[in-house]
Amino acid sequence: MTDEIALNQPIGAASSRPIAISNWLYSVAFLVFIMVVVGGITRLTESGLSITEWKPVTGALPPLSEADWLSEFAKYQQIPEYREISGPAGMTLADFKFIYFWEWVHRLLGRLIGVAFALPLLWFAAKRAIPSGYGLRLVALLALGGLQGTIGWWMVSSGLSERTDVSHFRLAVHLLTALFILGGLVWTALDLRQLARGNAKPARMTGLGALVLVVLAIQLLFGAYTAGLNAGYVSNTWPLMNEYFIPGGINWSAGIWAALNNDPYLIHFIHRWWAWVVVGFLIILARKVRQIDRRSSVAIHIAFGSQILLGIATVMTGIDIHLAVLHQAVGALVVASTVWGVHLLGRTTR
């Protein structure tokens, strides 16, 4: 009963601390951003399958002895990725330690984010500092974070028995959920800052805002497919793909839906050209919010401009890992800046 009261403290209560909670949510959002970046590194270094078990508590510790390392390596040697790819390529224990490190860091960050969200949430609740209407939203974000850990293991498990890689569908769910959490954190933090300024009503989703987010989500989906299917490697030329606007090699035999979801040539083609549709909508959004808060407009332009340049450079360098990681990082910034802009629209349009 006490917790329920704490999570629904009236807005005007003296103990309500919207700015402190907003700052905390921004900090967690930054950790999620780092998590997305490390996830990109994990993917690009083919590290995701190096840890073959899911141990939410004891797995926080890495192997501490040579015997432990040999045991983990032996487990990895049982999966198809090692038997068909890494093993024949001559992977050594030192090579395994490198990929294990990135997957371990990725999972450790997930645990850190869980702690960094759950403990302050309990503290704010105990202090009755959470404004009315925000308790359930914060609990929902915590639950979504826990679900994301389960989704991560669901993704990894798809590559442990029959495949040499994880399912690109599950990879897409994992990435899009992370970006949804990032957006939810930013949106809630912005609502709380408005609350602190006396604007009691949270921002609402406008028609234009929803449309922009849907258009962006389609691009993010095909970006995840591109990563999961290594579709970026099918062409290292731009703007044409291997001397053609519409690339050859698209497999239409199973129908257009199957091609849209599985063919690397078509997926790469859509990802590189749908980007310009996204740019068009983001320009419209930026122009709409420029008179409200020019900083948001500038942030949106910088984010999508950098992302377009990084995408082109990543393709033309044959997927240079540094550029590819930056491309994923700036993609998360595009999401954050877009959410900021959409939130501004929802504040001013009641």
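Ser-158 counts as buried, at 11% relative accessibility. Buried means under 20% relative accessible area, exposed means over 50%, and partly exposed lies in between, with a 1.4 Å probe and protein chains only. Ser-158 sits in the loop between helix H6 (135-157) and helix H7 (168-196). Leaving aside neighbours within four places in sequence, Ser-158 is in contact with Arg-163, Asp-165, Val-166, Ser-167 and Arg-170. Contact here means heavy atoms within 4.5 Å. Leu-175 lies 17 residues from Ser-158 along the chain, and their C-alpha atoms are separated by 15 Å.

This is a predicted model, in which local features need pLDDT of at least 70, side-chain atom pairs count only at pLDDT 80 or more, and totals for chains, interfaces and linings use all residues. Residues are numbered from 1 along each chain as its sequence is written, and side-chain values use heavy atoms, with hydrogens and water left out.

### The whole protein

The protein has 12 helices and 0 strands. Helices (H or I, at least four residues) and strands (E, at least two) are DSSP runs, numbered from the N terminus. The pattern along the sequence is α-α-α-α-α-α-α-α-α-α-α-α. The radius of gyration is 22 Å, close to the 20 Å that the globule rule gives for 350 residues, so the protein is as compact as a globular protein of that length. That radius is taken over C-alpha atoms, and the rule is 2.2 Å times the number of residues to the power 0.38. Along its principal axes the C-alpha trace spans about 65 × 55 × 35 Å.

Of the 350 residues, 48% count as buried. Among contacts between residues at least 6 apart in sequence, 78% join residues at least 24 apart. The accessible surface comes to about 16800 Å², and 67% of it belongs to carbon and sulfur atoms. Areas come from the Shrake-Rupley method with a 1.4 Å probe; for residues, only the protein chains shown count as cover.

### Aromatic rings

The structure holds 18 aromatic pairs. Rings of Phe, Tyr and Trp (its six-membered ring) pair if their centres lie within 6.5 Å; planes under 30 degrees apart count as stacked, over 60 as edge-to-face and the rest as tilted. Two of these pairs follow.

| Pair | Centre distance | Plane angle | Class |
|---|---|---|---|
| Tyr-76 and Tyr-82 | 5.8 Å | 70 degrees | edge-to-face |
| Phe-222 and Tyr-225 | 5.8 Å | 75 degrees | edge-to-face |

Tyr-76 is buried, at 0% relative accessibility. Tyr-82 is buried too, with a relative accessible area of 17%. Both belong to one aromatic cluster, formed by Trp-69, Phe-73, Tyr-76, Tyr-82, Phe-96 and Tyr-100.

Phe-222 and Tyr-225 are 3 residues apart in helix H8 (residues 207-228), so about one helical turn separates them. Phe-222 counts as buried at 10% relative accessibility. Tyr-225 is buried, with a relative accessible area of 5%.

### A valine in helix H12

Val-325 has its place in helix H12 (residues 321-348). Val-325 counts as buried, at 13% relative accessibility. Not counting residues up to four places away in sequence, Val-325 touches Val-37, Ile-41 and Leu-44. Lys-97 is 228 residues from Val-325 along the chain, and 21 Å separates their C-alpha atoms.
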